[in-house]
Amino acid sequence: MNGIIENYKEFIDIGDANPISMGEGSTPLLNSNFLSKKIGADVFIKVEGCNPSGSFKDRGMVVAVCMALHRKKRVLVCASTGNTSASASAYAAKFGLVSAIIVPNGNIAKGKLSQAMAFGAKIIAINGSFDDALNIVRKLEDYDEIEIVNSINPYRIEGQKSAAFEILDDIGEIDSLCIPVGNAGNITAYWKGFKEYNSKFGFKLPKMYGFQAEGASPIVKNEIIENPETIATAIRIGNPASWDKANEAVTYSDGAIKAVSDEEIIDSYVNLARHDGVFCEPASAAGIAGLIKYSKNYKFDGQKIVCVVTGNGLKDPSTSEKHASSKIFEVNSNLDDVLKIIN
Ligand SMILES: *Cc1c(COP(=O)(O)O)cnc(C)c1O
């Protein structure tokens with residue numbers, strides 16, 4: 001199966017490195033009946049949980065690892081709220097590299113940590129935040145054998161922009177994109193992708209709408225948040241690495257970056273599963289929460305809109321246990337009792 005490097009080789013420059021793939025990209029773009037009706041628009045969701053390790057991070061990771069192999073690196077290192085480490089350790093396992101991941105102790109969703117453990121990563125849990133972890137990683141830049149695969153790695157952005165290409169290839173030009181924002185690498189990547197297809201094929205540029213969680217909304221507040229707090233751990237970021245580029249994307253596209261509350265995130269997370277059959281992790285629902293909350297402000301009705309749903313719900317089973325719409329009926333094992341519940 002071709003991955004994004006082969007599919008978009010015209011746009012992703014890997015020089016004379018060998019393309020690699022774990023089948024990332026080519027994710028479903030589904031029309032959402034429930035959101036389309038609610039907003040009065042044509043709303044699609046890009047289901048990035050269908051990537052090999054369950055999040056969009058694989059799109060960037062495959063290019064970063066491709067180049068790391070080409071440069072004879074031995075170790076992949078990243079700071080991570082979870083999905084970058086799950087992705088890095090999967091590619092490391094497949095392509096014979098060591099992965100070392102630096103995570104904030106106790107703040108990683110269970111599913112993501114179990115992935116890194118399964119893939120054999122060296123897991124280093126620090127007593128600090130994601131931002132502390134990233135500060136340590138930045139200091140490893142000068143070590144020859146080490147490739148840093150956080151989104152400060154430019155190849156990550158190059159790979160992640162492929163999602164914008166896929167959208168335009170699938171449904172043509174769109175009016176707006178709604179996307180969760182943590183470190184702001186992904187919104188930066190989509191913007192780059194849209195701009196490249198605009199120059200090459202003339203597709204118009206969509207308005208870019210990024211959404212942060214209220215307790216972790218440095219870009220909205222225009223200040224670093226020392227202790228970011230949100231149930232959406234993948235976007236619990238107080239000092240985004242691609243802060244300026246995210247601002248550039250929304251300014252040039254006439255979009256915005258806004259905040260949504262944890263309640264609004266959970267509400268969208270539950271409803272997406274309940275009405276569209278798509279189970280995502282909480283952070284992934286921030287774009288949908290934003291679409292709903294700011295629908296009037298930005299006149300989303302009548303538009304063709306894509307919401308990026310960034311990661312798989314299985315990554316964070318504790319949240320679904322707490323908030324899911326179903327409960328478990330405990331009954332005796334006989335037909336009558338079972339029928340009572342079914343009816
Ligand atoms: C990494 C991640 C985000 C945030 O993306 P950024 O590029 O950091 O803005 C959102 N959702 C999920 C599931 C993620 O893994």
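Author: Start with helix 9: with 3 residues, helix 9 gives the largest share of the lining of the largest cavity. Helices here are DSSP runs (H or I, at least four residues), numbered from the N terminus. The model is predicted, so local features need pLDDT of at least 70 and side-chain atom pairs pLDDT 80 or more, while totals for chains, interfaces and linings use all residues. Numbering runs from 1 along each chain as its sequence is written, and side-chain values use heavy atoms, without hydrogens or water.

A cavity is a set of points, on a 1 Å grid over the protein atoms alone, where a 1.4 Å probe fits but cannot get out; lining residues have an atom within 4 Å of a point. Points are joined across faces, edges and corners, and a volume is the space filled by probe spheres set on them. The search of the whole structure returns 1 cavity of 30 Å³ or more. The volume of the largest cavity is about 330 Å³. Its lining has 27 residues, and Phe56, Lys57, Gly182, Asn183 and Ala234 are the closest to the centre. Helix 4 (83-95), helix 7 and helix 9 each give two or more residues. By class, this lining has 11 nonpolar, 13 polar and 3 charged residues. Nonpolar means Ala, Val, Leu, Ile, Met, Phe, Trp, Tyr, Cys and Pro; charged means Asp, Glu, Lys and Arg; the others, Gly among them, are polar. Domain 1 (4-52 + 156-324) and domain 2 (57-153) each supply at least three lining residues. The domain bounds come from an automatic or database assignment.

Now the ligand. It is surrounded by 16 residues, and Lys57, Asn83, Asn183, Ala184 and Thr310 are the closest; a residue counts as near with a heavy atom within 4 Å. Polar contacts are pairs of N or O atoms within 3.5 Å. A ligand oxygen lies 2.7 Å from a side-chain N or O atom of Asn83. A ligand oxygen is also 2.7 Å from a polar backbone atom of Asn183. A ligand nitrogen is 2.7 Å from a side-chain N or O atom of Thr310. Protein covers 96% of the 380 Å² of accessible area that the ligand has on its own, by the Shrake-Rupley method with a 1.4 Å probe.

Last, the pocket: an open set with protein on both sides within 12 Å along at least five of seven lines. Helix 9 gives the most to its lining, 4 residues. Both domain 1 and domain 2 contribute to that lining, so the pocket lies between them.

Key
A polar contact is a pair of N or O atoms within 3.5 Å; within protein, one must be able to donate a hydrogen and the other to accept it, and residues adjacent in sequence count only if both atoms are side-chain atoms.
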